[in-house]
Amino acid sequence: STSQYRNFPMVPRVVFGEGSFSQLGEILLPKRRNSEAPFIFLVDDFFENEEFAAQIPLIFNDELIFISANEEPKTEQVDALVKRIQDTYEELPSGIIGIGGGTLLDLAKAVAILLNNNGRAEQYQGWDLVNRPALYHVGVPTISGTGAEVSRTTVLLGPEKKLGINSDYTTYDQVILDPDLTKTVPKEQWFYTGMDCFIHCIESLNGTYLNAFSQSYGEKALELCKEVFLEDIPECESRDKLMMASWHGGMSIAYSQVGIAHAVSYGLSYLLGVKHGIGNCLVFQHLGEFYPDGVQLFRKMIEKHNIKLPQGVCSNLTQNDFDIMVNVALGMDALWENALGKEWKTIMTPERLQAIYQRI
Ligand code: NAD
Ligand code: ZN
């Protein structure tokens, strides 16, 4: 392509507010193609109870599928869901609604893409490999931090790689931001996923790809993170602010890139299945030489909320294990270039990277 600047998609419609989830039914109604074309709700199984199920606006042959977020989404899991939906209904669904944290938000995006594009999910891992629009899809985050609700990617673990389906069709058509849905998030999970947002800000704001677009969102998100994690504000205000921080953090990296913590954390996730939020925290604490101010703030936040990060995660690994993680991490060229500049390979050698892993 000859164009110098990316023409990047944004979520065209968003609702924000406590209790706004109750508007989902009226939002979906005009998008219903006919009574045979169902809406499929993919919901984090934390919400598998009658009280929550009663709030889902099911009509006709709509289907509610509860899914565990214990493991990060896989390409096979996407393929299986797509097949199940295709086998069950004569018509394509009217749309897909993802309700949950980053895991469910990513799954729902991928299912919406694959229902309208032939083949398997792994074929679309990469950049701009999706040819046809996704089905109409709606995202409803229930934890704040990943920015998956605004991003143009869905990160999937495939047979060969952990990589996003990055495309203009990945982005949600509609998002519902209801901070009440995050009330039940356990404290540690709140912290780890919230730190994903904080780290998005630090990596974006300290990257060589920074521009005024990214900076404007990143600075706002960082300010909100500081209020949420370092000040004592009322809980409802804190939920509102972290939800908006996640949104702005996601917007910030959309037009720049993440950095070292994300690259290194991908290695941990690939080899050991360490989840994104906690993985980023495990890595970020050791990145003081690259992000001095960010790491200092991070330490204050850890202390204030009395979070005990696991230790010795890499203590029993073999040289082969380290080689695998180093390879996965160093394969993320754009992240390193953003963090360290074009000459990044002379700065982050495999040896230096392994030394970081060995401290985790
Ligand atoms: P998650 O979705 O993995 O969920 C973490 C845990 O919280 C799960 O046990 C889940 O059941 C539980 N949970 C969710 N909502 C809850 C609620 N309201 N109350 C109680 N428990 C609740 O967590 P996450 O950190 O939001 O998402 C991580 C995933 O997001 C990773 O797979 C990562 O790759 C992905 N991610 C995607 C993007 C993107 O742009 N697409 C960006 C960052 C991360
Ligand atoms: Zn992240």
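**The shell around ligand 1**

Tutor: Buried residues make up 48% of the 360 residues in the protein, where buried means that 20 or more other C-beta atoms, placed from the backbone, lie within 10 Å of the residue's own. This is a predicted model, in which local features need pLDDT of at least 70 and side-chain atom pairs count only at pLDDT 80 or more, while totals for chains, interfaces and linings use all residues. Residues are numbered from 1 along each chain as its sequence is written, and chains are lettered from A and ligands numbered from 1 in the order in which they are written.

Turning to the ligand, 30 residues surround ligand 1, and the closest are G101, G102, T103, T146 and S151; a residue counts as near if its C-beta atom, placed from the backbone, lies within 6 Å of the molecule.

At least two shell residues come from each of helix 4 (102-114), helix 5 (187-205) and helix 9 (276-284), and helix 4 gives the most, with four; helices are DSSP runs of H or I with at least four residues, numbered from the N terminus. Because domain 1 (13-182) and domain 2 (187-359) both give residues to this shell, ligand 1 lies between them, the domain bounds coming from an automatic or database domain assignment.

Key:
Buried ≥ 20, exposed ≤ 12 C-beta atoms within 10 Å, placed from the backbone.
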